[in-house]
Amino acid sequence: MAFELSNVLAKLGVVSTSDHASVVSMNLFVALLCACIVIGHLLEENRWINESITALAIGLCTGVVILLTTGGKNSHLLVFSEDLFFIYLLPPIIFNAGFQVKKKQFFRNIMTIVLFGAVGTLISFGIISLGAIHFFEKMNIGSLDIGDYLAIGAIFSATDSVCTLQVLNQDETPLLYSLVFGEGVVNDATSVVLFNAIQSFDLSHINAGIAFQFVANFLYLFITSTMLGVLAGLLSAYIIKKLYFGRHSTDREVAIMMLMAYLSYMLAEVSFLQLFYLSAILTVFFCGIVMSHYTWHNVTESSRVTTKHAFATLSFVAEIFIFLYVGMDALDIEKWTFVSDSPGKSVGVSSILLGLILVGRAASIFPLSFLSNLTKESESEKIGLKQQVTIWWAGLMRGAVSMALAYNQFTRLGHTQLRGNAIMITSTITIVLVSTVVFGVMTKPLVRLLFPLPKHSASTISLGPPSPKSVFVPLLSNGHNSETDLVSKPVRRPTSLRMLLSTYTNAVHRYWRKFDDAFMRPVFGGRGFVPFVPGSPVEQSVCHWQ
C-alpha cells in the first residue's frame, strides 16, 4: 500500500512539474504575442514590414534565446500539434474571412474567383507534384512514395495572401481586393480538400478508376461541405429570429452566434474523421457568409458591434500566434540534425520547390486571366496586366496552412525520425520564411509602384476592416443600388460567348434576389425582415445604417 501511494505521489509530482512548465511556457508565449502586437503597431506605417514578418522575426529571436539557454537542445516553447492548429487556430481565421467579406464584390466575381482559387490551384498542384516526382527521385532525398509527392503538391499549392491584403485598399481597388481575398480563401479550401482526398486513397496503384473516384470525391467534398455550412448558418439565423434573445440578454445571442459558428466547423471535422469526409474550412467559410447575410441582421445593434469585432480579434490573434510559432520552430534542432550531413541537398530541395511555386503560379494566373477577360464585356471588369502581376505575387507566399499540412503528412506529434520527412519539414519551414520575409517585404513597394495612391489620399491610407455598413450590402447584388434595376432591366439577346455568360450571370443574380426576398428572408430574417420588438434598438439601427 505504501509502495502504491509513493508511486501515485511520484506521478503527481511529475504532473505538477509538467503543468508548471506548461504554465510558464504559455505565459511567455502570451507575452510574446503582446510584443508582436505592440511592435506591429509601431511599424504599421513602415514601407517594408508588416505584422506577419514582425511575428516571424520575434519568433526567430526567441528561438535563438531558447537555444542558448538550453544548450542547443530546444528552440520553442510549445510542441506543434495539428489539433491545436486545425481545431483552435484555423476556425476563427476562416470564419472571419467569410463573415467580413464584401458579398457584393465576392459574388459578383465568383466565377473568376473560383477559376483562380479552384482551377488555378489544381494547375499549380499538378505542376508542383510532377516537378517533385521528376527532381526528387533523382536526388534520392529519402523514402517518399507517390502519395507523398502528391501531398507535396497540395501542401505548396496553399497560398497566404495576408501580406498583400494588408496593403490593398478594398475601397480604391475593389475588383483586385475581391479577387485576391476570394482566391486566397478558395485556394486554401481547395488545397485542404486535395490533401484530404490524397490521404483517403490508396495511390500505390493508380488507374482510371482510382482517378475517377478521386475527382468524384473532390467534388463531393466541395458540395457537401458547402451545404453543411449553409445549413448551420441558416439554423443559427432561424433560432435567433424566432427566440430573439436580445429582448432579455444580448450575451445569449452573441454566444449562440459564436458557438454555432464553431459547431459548424467541428461537425465537418468530426464527419471527416468518421463517415462523411467533409472539409471543415469550406463549411465554416460559407457558414460565415450566411451568418453575415441573415443571422447578423437578427441581433441587436450592440450584438452586431460585439460579434463583428470579436470575430476579427480572434482571427487576428490566431494569425499572429501561428507566425510566431513558425519563427520559433524554424530553429528546432531535432529536424535540422537529420539534414546536417547534407545541407546542400536541403537547400536544393527548397530551391526547386520555390521555383516550382513560381512556375505553377504563373501557369495558372496569366492563362486563366486571359480566359476570364474573354467573358468580360466592360473594360473596367477585365483583369489588367498590373492586376494579374499583383494576383500572381500575392500567391507566392506560403504560411500557416502549408506548415500545418506538412506537419500532418511528414511528422507524428510534431516529431520526425525519417530523413526524407525531415528534409521536407525543413524545406517547408525555409520556404515559409523566405517567401513571407522576402516577398512580404517587397509587397508594399510593388503594390505602390503598380497602383500609386492619389495625392489626396496619400496621407490617409485605410488598411482596416470593412465598416459595419458594408455588411448591409445585399447578397449577390450586381452593383446597382435599386432592386428594381435588377428586376426591370431588359435582357439583351446574347450574340457571343461573352454576352451569353454576362446575361446568364445577371439572370442568376436577378432570380436569386427574387427567391431571397420571397422565401428566404421572411423565414430566416435579414436586412428588412428583422422582427420589431418595442424598445429594441434593432429597427432604429437598420434605419441608421441604411
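Before going on, a word on what you're looking at. This is a predicted model, in which local features need pLDDT of at least 70, side-chain atom pairs count only at pLDDT 80 or more, and totals for chains, interfaces and linings use all residues. Residues are numbered from 1 along each chain as its sequence is written, and side-chain values use heavy atoms, leaving out hydrogens and water.

**The overall picture**

What does the secondary structure of the chain come to? It comes to 20 helices and zero strands. Here helices (H or I, at least four residues) and strands (E, at least two) are DSSP runs, numbered from the N terminus. The chain has 546 residues, and 52% of them count as buried. Buried means under 20% relative accessible area, exposed means over 50%, and partly exposed is in between (1.4 Å probe, protein chains only).

Contacts (heavy atoms within 4.5 Å) tell you about the fold too. Of the contacts with a separation of 6 or more, 83% are between residues 24 or more positions apart.

**How helices meet**

Two packed helices are described by the angle between their axes and the distance between the axes. The axes here are lines fitted to C-alpha atoms, for helices over the stretch in contact, and angles run from 0 to 180 degrees between N-to-C directions.

Back to our opening pair: the axes of α5 (residues 110–139) and α14 (residues 343–374) come within 8 Å and cross at roughly 150 degrees. That makes α5 roughly antiparallel to α14. The cut-offs are under 35 degrees for roughly parallel, over 145 for roughly antiparallel, 65 to 115 for roughly perpendicular, and oblique for the rest.

Now try α2 (residues 51–69) and α17 (residues 419–450), which pack at an angle of about 135 degrees with their axes 10 Å apart. So α2 is oblique to α17, and the crossing of α2 and α17 is left-handed. On the α2 side, Ser52, Ile53, Leu56 and Leu60 do the meeting, and their partners in α17 are Leu433, Thr436, Val437, Gly440 and Val441.

**Helices tucked inside**

Take α6 (residues 146–155): nine of its ten residues are buried, so α6 is largely enclosed by the rest of the structure. Which helices do the buried residues of α6 pack against? They pack against α5, α8, α14, α16 (400–410) and α17. Leaving aside its neighbours within four places in sequence, Ser129 is in contact with Tyr149, Leu150 and Gly153. Tyr149, Leu150 and Gly153 are among the buried residues of α6.

Helix α8 (residues 174–199) has 24 of its 26 residues buried, so the rest of the structure largely encloses α8 as well. Its end C-alpha atoms are 37 Å apart, which agrees with the 38 Å that its residues should span at 1.5 Å a residue. That expected span is 1.5 Å times one less than the number of residues.

Helix α11 (residues 280–293) has 14 of 14 residues buried, so α11 is largely enclosed too. From first C-alpha to last, α11 reaches 20 Å, close to the 20 Å expected.

| Residue | Relative accessible area | Class |
|---|---|---|
| Cys287 | 0% | buried |
| Cys36 | 2% | buried |
| Ser129 | 3% | buried |
| Leu175 | 13% | buried |
| Thr306 | 39% | partly exposed |
| Cys34 | 44% | partly exposed |

Leu175 belongs to α8. Setting aside neighbours within four places in sequence, its contacts are Gln105, Asn109, Ser380, Glu381, Lys382 and Gln387. Leu175 and Gln387 are 212 residues apart along the chain, yet their C-alpha atoms are separated by 9.1 Å.

Thr306 lies in α12 (residues 301–329). Its C-alpha is 9.6 Å from that of Thr250, 56 residues away along the chain.

**And the cysteines?**

A disulfide is a covalent bond between the sulfur atoms of two cysteines. The rule used here asks for a pair of cysteine sulfur atoms within 2.5 Å. How many disulfides does that rule give? The count comes to zero. Cys36, for one, is in no disulfide, and the nearest cysteine sulfur, that of Cys34, is 9.2 Å away. Cys34 itself sits in α1 (residues 2–42). Cys34 and Ile320 are 286 residues apart in sequence and 9.7 Å apart in space, C-alpha to C-alpha.

Methods:
A crossing is left-handed if the near helix is turned anticlockwise from the far one by less than a right angle, and right-handed if clockwise.
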